[in-house]
Amino acid sequence: MGSASISYQFGISARFHGNLNSRSDVTVSSLPCKADVSRKIIFSAPNSSTHKECINRARVCSLPNTDDYCDEIFETPILDSIETPLQLKILSVQELKLLADEIRTELHSVLWKKIQKSMNPSLAAIELTLALHYVFRAPVDNILWDDVEKTYAHKVLTRRWSAIPSRQKNGISGVTSQLESEYDSFGAGHGCNSISAGLGLAVARDIKGKRDRVVAVIDNVTITAGQAYEAMSNAGYLDSNMIVILNDSRHSLHPNMEQGSKASISALSSIMSKIQSSKIFRKFRELAKAMTKRIGKGMYEWAAKVDEYARGMVGPTGSTLFEELGLYYIGPVDGHNIEDLVCVLREVSSLDSMGPVLVHVITEENRDAEFGKKIMVKDRRTYSHCFVEALVMEAEMDRDIVVVHAGMEIDASLLTFQERFPDRFFNVGMAEQHAVTFAAGLSSGGLKPFCIIPSAFLQRAYDQVVHDVDRQRKAVRFVITSAGLVGSGGPVQCGAFDIAYMSSLPNMIAMAPADEDELVNMVATAASITDRPVCFRFPRGSVVDRNYLVPNGLPIEIGRGRVLVEGQDVALLGYGAMVQNCLHAHSLLSKLGLNVTVADARFCKPLDIKLVRDLCQNHKFLITVEEGCVGGFGSHVAQFIALDGQLDGNIKWRPIVLPDGYIEEASPSEQLALAGLTGHHIAATALSLLGRTREALLLMS
């Protein structure tokens, strides 16, 4: 390929040679200092003077900026030389350490400076990532990741780091994806799937007679989910060879970190981990097992108890749990000591028939003080802020209101409620199934639980929603956050299905606010319902009025919508946040001389049938708009107008819903455009129905 030259402000020019995804040579002229960032490194002579000079040179250039911001350009010669992870194998341990520093610098510049993203989880897993790719031969060996926040170093090493800053349209995925890279052995979703998928790969390997290795990485957050323990129990039973890496940044295996003793890393623990993982020790242990089995069952069981007790004395509190599940426990290992990691992983990888192994790795998310700067984000009021403020007001008046939260992390706005009512706030982590049934129990005990779960995570607990809540008419109030499209969260965190799966339940009340006023009123409405379950959803983004002051909420009449703008010919019936897009469409159409009706459904179930009937009888066209999949709000409207005979008359109905597919990472506005849910799309649909196709095309252009 040829080369391209791009000129920048302040006399900077960049020359690209070959693959445009590679780092470029950069020269800076007309400045007080110069930076020459070279991609040259001599792998054939890693100890040469040229190589050492390239590594040790750290020339920094401060570029002038109108905001007096000093940007730093650091050299990353080793990283620039890595085309595939296999090249790590020719590096020395010292060079691996230098590479870790280079990746740390690169991630800092990308995750913090460019996309204002917390980077501590990613930085903490760098040495572990290097050790895994150093010892194993991906993609022949399968390395599965459970937590996407730990995969950035993995993506850097597999030549995807140039697209990390975007995390937007046509950028890299926010998760591991086989469609994106052969180095991603399995796609990561909401966590806790790596051991299950890894076990499946291991069993498939055994059946096909292959010899590749399977490594499943899981962290101390996702391992709290029940699926992880189901997978470990099954792995112990099947006894297939696989390696589970527990990346523990909590330093404790106790469910409650405050109550459990912390696992410490010392010279003794390092030595014991190496002994435990050694081939000689493992073979001696297996030989001892075989001998005691021959002596008799009693001797075998006694020896197993002695072994478990002895290893429990060495390991941290809770380590014997993994032994009980059938996994051989090794650890704790210092997750930032590359030498120890490589030693232990190399020994473990050399064992051919020892069954499942768990390596407990201790990492520290806050160890990089120079990189651990607090992320400053623009102050903005979100729907979550308004919801929490409204809920606090209700809780101050009603002592029975409690909060149950489930999911990977707590929205910062919820800390307000937790601080105000610490005894009435329950965060169960990644245990959505438990959260739902726990909330049902709280309701049975006379309390008023608000069960707060993001839309995409509530899917994991649908069976409990059906049988433990709806079928028993338990008054649980489901607060469905991150509803609809979520921008950089992509398809993994997209809340596309909750309207359909919640509104299909016989006893469920399903509603969605059009704005912050309606959200506050729906909090009051949910608090007042005591005879059945109720759910309401709201999006991740900012509220309509950023200066909004939360008032006391007023309960809404169940199943009652409202007309916002009176018009003729065309009626736009929006559900939830899409009401705002309907109002935008009304504004666009008004400029073209069209006055359409805009209505806010408020409720998907029970549907305001009087409102829908009036809209059908007084308009030629009815357009329903929702930020959800097929089978949701529009389907309820269609069911009613069909049975009510409205479709036998003059009304023509058109639904606008999310497309039947997964929308990848992009900005929120780009995602709405891809989904056909913008005000322009809604207005163009109305124009097309009225036969004004040319104007519709012009509007979209």
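Predicted model: local features only at pLDDT ≥ 70, side-chain atom pairs only at ≥ 80, totals over all residues.
Good morning. I begin with the lining of the largest cavity, which is made up of Ala483, Gly484, Ala512, Pro513, Arg537, Phe538, Pro539, Tyr575, Gly576, Ala577, Met578 and Glu627. The volume of the largest cavity is about 70 Å³. By type, its lining residues comprise eight nonpolar, two polar and two charged ones.

How does one find such spaces at all? Rolling a probe the size of a water molecule over the atoms shows where empty space is left. In this structure, there are three cavities of 30 Å³ or more.

Let us turn to the second largest cavity, whose volume is about 60 Å³. Around it stand Ile480, Asp498, Ile499, Met502, Ser503, Ala510, Met511, Cys535, Phe536, Arg537 and Tyr575. Arg537 and Tyr575 are in this lining, and both also belong to the lining of the largest cavity. Which element supplies the largest share of the lining of the second largest cavity? That element is helix H20, with four residues. Strand E13 (509-511) and strand E14 (534-537) each supply at least two residues, as does helix H20 (498-503). The division here is eight nonpolar, one polar and two charged residues.

I would like to consider Phe478 individually. Setting aside residues up to four places away in sequence, what does Phe478 touch? Its partners are Val436, Cys451, Leu458, Val465, Val469, Met502, Met508, Val534, Cys535 and Phe536.

Thr158 sits in the loop between helix H6 (152-157) and helix H7 (194-208). Is Thr158 buried or exposed? Its relative accessible area is 8%, and therefore Thr158 is buried, the cut-off being under 20%. Thr158 touches Pro85 and Tyr183, if residues up to four places away in sequence are not counted.

Next, I come to helix H26, which spans residues 679-689. Its buried residues are Gly679, Ile682, Ala683, Ala684, Ala686, Leu687 and Leu689. The elements that cover them include strand E16 (570-574), helix H22 (578-590), strand E19 (621-625), strand E20 (652-656) and helix H27 (693-700). Just after H26, Gly691 adopts a positive phi of about 80°.

Finally, let us view the chain as a whole. It has 27 helices and 20 strands. Of its 701 residues, 52% count as buried. Among contacts between residues at least 6 apart in sequence, 74% join residues at least 24 apart.

A word on confidence is also in order. The average pLDDT of the chain is 80, and 74% of the residues score at least 70. Over residues 251-261, pLDDT stays under 50, and the model has 22 contacts beyond four places in sequence for this stretch. Residues 372-378 likewise stay under 50 in pLDDT, with eleven such contacts in the model. Thank you for your attention.

Conventions. Residues numbered from 1 in each chain as written. Heavy atoms only, no water. Buried < 20%, exposed > 50% of the residue type's maximum accessible area, 1.4 Å probe, protein only. Contact = heavy atoms within 4.5 Å. 1 Å grid on protein atoms, 1.4 Å probe; cavity = no way out; pocket = protein on both sides within 12 Å on 5 of 7 lines; lining within 4 Å. Points joined across faces, edges and corners; volume = space filled by probe spheres on them. Nonpolar A, V, L, I, M, F, W, Y, C, P; charged D, E, K, R; others polar. pLDDT = per-residue confidence, 0-100.
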